Amino acid sequence: MPTPAQLHHPDISPEMVSKIDEVIAAHLKTEGAVIPVLRLCQDIVGYLPMLLIDYISYGLNIPRSEVLGVATFYSLFSLKPKGRHTIKACLGTACYVKGIKEVITRISNEFNLKEGETTPDRRFSLEAVRCLGACGLAPVLVVDQDTHGGVSASQLKSLLEHYE
Amino acid sequence: MNKPRIQLMLCGGSGCQATRSRKFQDALEKELERTRLDQEVKVIETGCNGFCAVGPVMLVQPEGIFYQKLTADDVAELVEEHFLKGRPVKRLQYVEPASKETIPNMNDIPFFAHQKFRVMRNKGMIDPEIIDEYIARDGYFGAAKALTEMSPEQIISEMKISGLRGRGGAGFPTGLKWEFAGKSPGDEKYVLCNADEGDPGAFMDRSILEADPHSVLEGMIIAARAIKANKGYIYCRTEYPLALHRLDLAIKQAREYGLLGKNILESGFDFDIEVYQGAGAFVCGEETALMRSIEGKRGMPRPRPPFPANKGLWEKPTVLNNVETFANIAQIILNGGEWFAEIGTETSKGTKVFALTGAVNNIGLVEVPMGITLRQMIFDIGGGIPKKRKFKAVQLGGPSGGCIPAQCLDTPIDYEEIAKVGAIMGSGGVIVMDEKTCMVDMARFFLDFIQDESCGKCTPCREGTRRLLEIIEKICQGNGEQVDIRTLEKLSAVIKNSSLCGLGQTAPNPVLSTLRYFKDEYIAHIVDKKCPAKRCTALLGFKIDPDQCKKCGLCFSACPANAITWQKKEVAEINREKCIECMSCYEACRFNAID
Ligand SMILES: Cc1cc2nc3c(=O)[nH]c(=O)nc-3n(C[C@H](O)[C@H](O)[C@H](O)COP(=O)(O)O)c2cc1C
Ligand code: SF4
Ligand code: SF4
Ligand code: FES
Ligand code: FES
């Protein structure tokens with residue numbers, strides 16, 4: 001396997017590379033470091049391009065198969081780029097009982113966007129998540145950092161308008 | 001500084017933050033400053049108060065007046081009328097739905113009045129980010145007693161007397177678990193806290209961590225002392241940013257106070273805690289998978305024995321307990337096991353925290369004494385079913401649990417009694433369902449979750465749950481056959497008996513319990529090709545019954561595809577060509593006129 005001496009990727013800026021290097025350096029001696037390193041690197045870049053996986057495996061000196069195995073096992077990690085805005089629809093039981101399914105269907109119809117995918121213009125990504133701890137407000141939609149409770153399919157349009 | 005005349009305990013839990021409690025707080029603090037009341041009236045941000053459904057909520061102390069649904073627009077009136085002139089604002093208080101009576105005092109509101117606060121005794125009473133407030137309410141007194149006055153054997157014996165059982169789901173006696181790990185040879189041992197909270201409809205552990213993080217740390221210190229461990233981990237979901245933040249703060253403060261680290265309280269005992277963030281996998285709530293995950297691997301369970309008490313994290317003796325279990329410990333040590341066991345039934349002692357959600361009026365977090373009935377919890381505390389609909393079932397225990405129908409509502413909350421009616425106590429998720437919930441669809445929902453979360457290690461779980469899901473989907477699509485019911489039952493038995501871990505072993509429960517009580521609904525789907533609750537799209541006619549239609553036009557406004565024609569005083573009609581089957585009209589119609 002070629003060793004990625006340098007991290008050249010359109011989505012990874014030089015500043016990001018130095019931050020990534022810091023993260024890797026800080027975890028070199030930690031046992032069980034793969035998950036925290038992947039998490040911190042994803043926070044920096046926004047997702048985990050394949051090249052970055054290689055870079056981390058090389059940096060931590062852990063087989064690529066193991067790093068990739070961990071990255072694909074946990075739902076937190078994404079190997080695909082995300083949109084500018086992430087819509088998280090709660091698929092927890094309380095939200096399901098209160099009709100989140102209709103809300104998701106409406107998003108899919110309106111933006112031609114399926115669960116786990118990103119619109120071609122990279123405006124929205126749609127994710128299904130499990131219970132956000134705000135069941136009292138079910139059904140719940142989180143757009144970026146904003147939690148919206150009691151959403152109904154009919155108010156979606158005006159709700160999402162603000163996110164350009 | 002003088003003690004403030006009034007303390008405003010404003011909820012800053014996840015639920016209330018979602019209803020913009022921060023915005024209210026900013027406005028309130030500004031107004032108090034402007035009116036120069038900021039020395040007399042103090043705002044304290046607390047963790048979840050429990051009554052999330054009416055958030056943002058605030059308790060005015062020492063009067064005990066409870067305000068709900070607060071917005072920034074209410075601030076001026078509230079400050080002027082209540083805090084300046086001493087006249088509480090009635091319009092922002094709780095109104096009892098049945099009697100339409102306003103109830104000013106929190107303790108008089110039925111939602112709170114029937115609860116018993118032990119685990120949540122500090123919720124909404126303290127600022128969780130300040131350790132002194134926890135200490136002022138007897139915090140760390142239990143740890144001090146355990147470390148300076150009790151031997152490990154005495155701690156374990158007290159735990160056994162209490163009868164406390166694990167609150168993470170399986171209900172294993174905590175004292176016994178500690179005893180095994182304590183007796184296991186080795187000088188390197190671990191205490192782990194399970195804060196993975198995987199049940200996708202529950203938020204008890206999150207709220208405890210947000211409202212009272214020190215209570216969990218204190219429980220862990222006592223456990224560590226009992227089994228002689230020097231290192232602990234809290235395995236917490238990444239999806240819980242506020243809980244993670246408060247845990248970090250709490251650990252830092254505890255270290256500064258000499259309650260964590262070397263030579264705790266001069267007792268010669270060392271113990272420290274680290275937080276480990278999970279990465280979103282339900283199976284990691286299972287004990288052996290959780291330990292693997294902390295070791296940095298794919299979180300897959302392994303067969304037991306060896307049990308974690310002998311070989312756990314890094315192959316060392318380990319105790320793993322749930323958040324709520326730990327939150328119970330300090331009070332048991334402080335007040336004694338017998339005090340704890342005063343409440344409850346023969347086999348289930350103490351209280352249990354539940355996240356009461358779904359089709360129930362008072363949604364929120366409740367703590368009840370073991371032994372009260374489901375009916376009391378749902379109707380007295382929960383205030384019954386909204387929109388005048390009928391109760392259909394209550395789901396306990398999440399994806400591993402089961403549905404309990406109306407005829408079993410008088411079942412007491414007790415590990416064994418709940419198991420008898422086909423559900424499990426579980427970790428505390430309670431989803432109330434009304435007549436608009438399709439039970440076949442619910443079974444499908446949980447299977448979909450399980451199938452997605454099966455780690456794939458063993459075949460019965462991986463393939464078996466997929467087959468179950470396929471069959472149920474077929475039934476929901478209207479292609480079910482009579483034999484499917486038998487197949488579901490047979491396959492479920494195989495999966496239960498041959499899966500490696502608890503995930504697979506309990507995966508068929510939602511199917512089995514709905515089959516047990518709601519077989520007629522399956523039959524309706526299979527034979528009549530009808531979904532009685534009108535949830536399964538493929539079985540709906542998208543036709544308006546002219547005899548039932550009250551000509552109100554609600555469906556007309558709700559339809560996004562302009563597929564409905566309607567005029568005043570005329571029956572509505574759906575144009576199937578344009579209809580996108582989104583079901584908005586079914587939601588909108590109040591007269592059950594669409595078939
Ligand atoms: C698939 C699966 C998921 C689980 N998820 C959780 C969880 O999210 N939280 C929890 O405390 N226990 C969970 N458990 C139970 C744990 O394995 C373990 O029994 C528990 O944390 C022990 O603590 P307790 O004795 O205090 O309940 C899960 C078990 C299984 C099989
Ligand atoms: S299902 Fe949706 S699209 Fe079809 S008629 Fe009803 S509201 Fe309109
Ligand atoms: S909402 Fe129901 S009752 Fe009202 S017009 Fe539509 S079908 Fe008729
Ligand atoms: S189920 Fe959606 S927030 Fe809990
Ligand atoms: S989050 Fe405020 S009451 Fe639960």
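Trainee: What makes B:Tyr190 count as buried or exposed?

Mentor: B:Tyr190 has a relative accessible area of 8%. Buried means under 20% relative accessible area, exposed over 50%, and partly exposed in between (1.4 Å probe, protein chains only). B:Tyr190 is therefore buried. Please note that this is a predicted model, in which local features need pLDDT of at least 70 and side-chain atom pairs count only at pLDDT 80 or more, whereas totals for chains, interfaces and linings use all residues. Residues are numbered from 1 along each chain as its sequence is written, chains are lettered from A and ligands numbered from 1 in the order in which they are written, and side-chain values use heavy atoms, leaving out hydrogens and water.

Trainee: Why is the aromatic pair of B:Phe111 and B:Phe112 called edge-to-face?

Mentor: Rings of Phe, Tyr and Trp (its six-membered ring) pair if their centres lie within 6.5 Å; planes under 30 degrees apart count as stacked, over 60 as edge-to-face and the rest as tilted. For B:Phe111 and B:Phe112 the values are 5.1 Å centre to centre and 85° between the planes, so the pair is edge-to-face. B:Phe111 is buried at 0% relative accessible area, and B:Phe112 is buried at 3%.

Trainee: Why is the pair of B:Tyr190 and B:Tyr233 called tilted?

Mentor: Their ring centres are 6.3 Å apart, with 40° between the planes, so the pair is tilted. B:Tyr233 is buried, at 11% relative accessibility.

Trainee: What does the pair of B:Tyr190 and B:Tyr233 tie together?

Mentor: B:Tyr190 lies in strand β7 (residues 190–195) of chain B and B:Tyr233 in strand β8 (residues 231–236) of chain B, so the pair ties together parts that are 43 residues apart in sequence. Strands here are DSSP runs (E, at least two residues), numbered from the N terminus.

Trainee: How do you know that the charged end of B:Arg118 sits over the ring of B:Trp339?

Mentor: The rule asks that NZ of Lys or CZ of Arg be within 6 Å of the ring centre and within 35 degrees of the ring normal. The charged end of B:Arg118 is 3.8 Å from the centre of the B:Trp339 ring. Likewise, the charged end of B:Lys352 sits over the ring of B:Phe354, 5.6 Å from its centre.

Trainee: What makes the meeting of B:Asp441 and A:Lys101 a salt bridge?

Mentor: A salt bridge is a side-chain nitrogen of Lys or Arg within 4 Å of a carboxyl oxygen of Asp or Glu. The side chains of B:Asp441 and A:Lys101 meet at 4.0 Å, N to O. Across the interface of chain A and chain B, the rule finds 3 salt bridges.

Notes
Helices (H or I, at least four residues) and strands (E, at least two) are DSSP runs, numbered from the N terminus.
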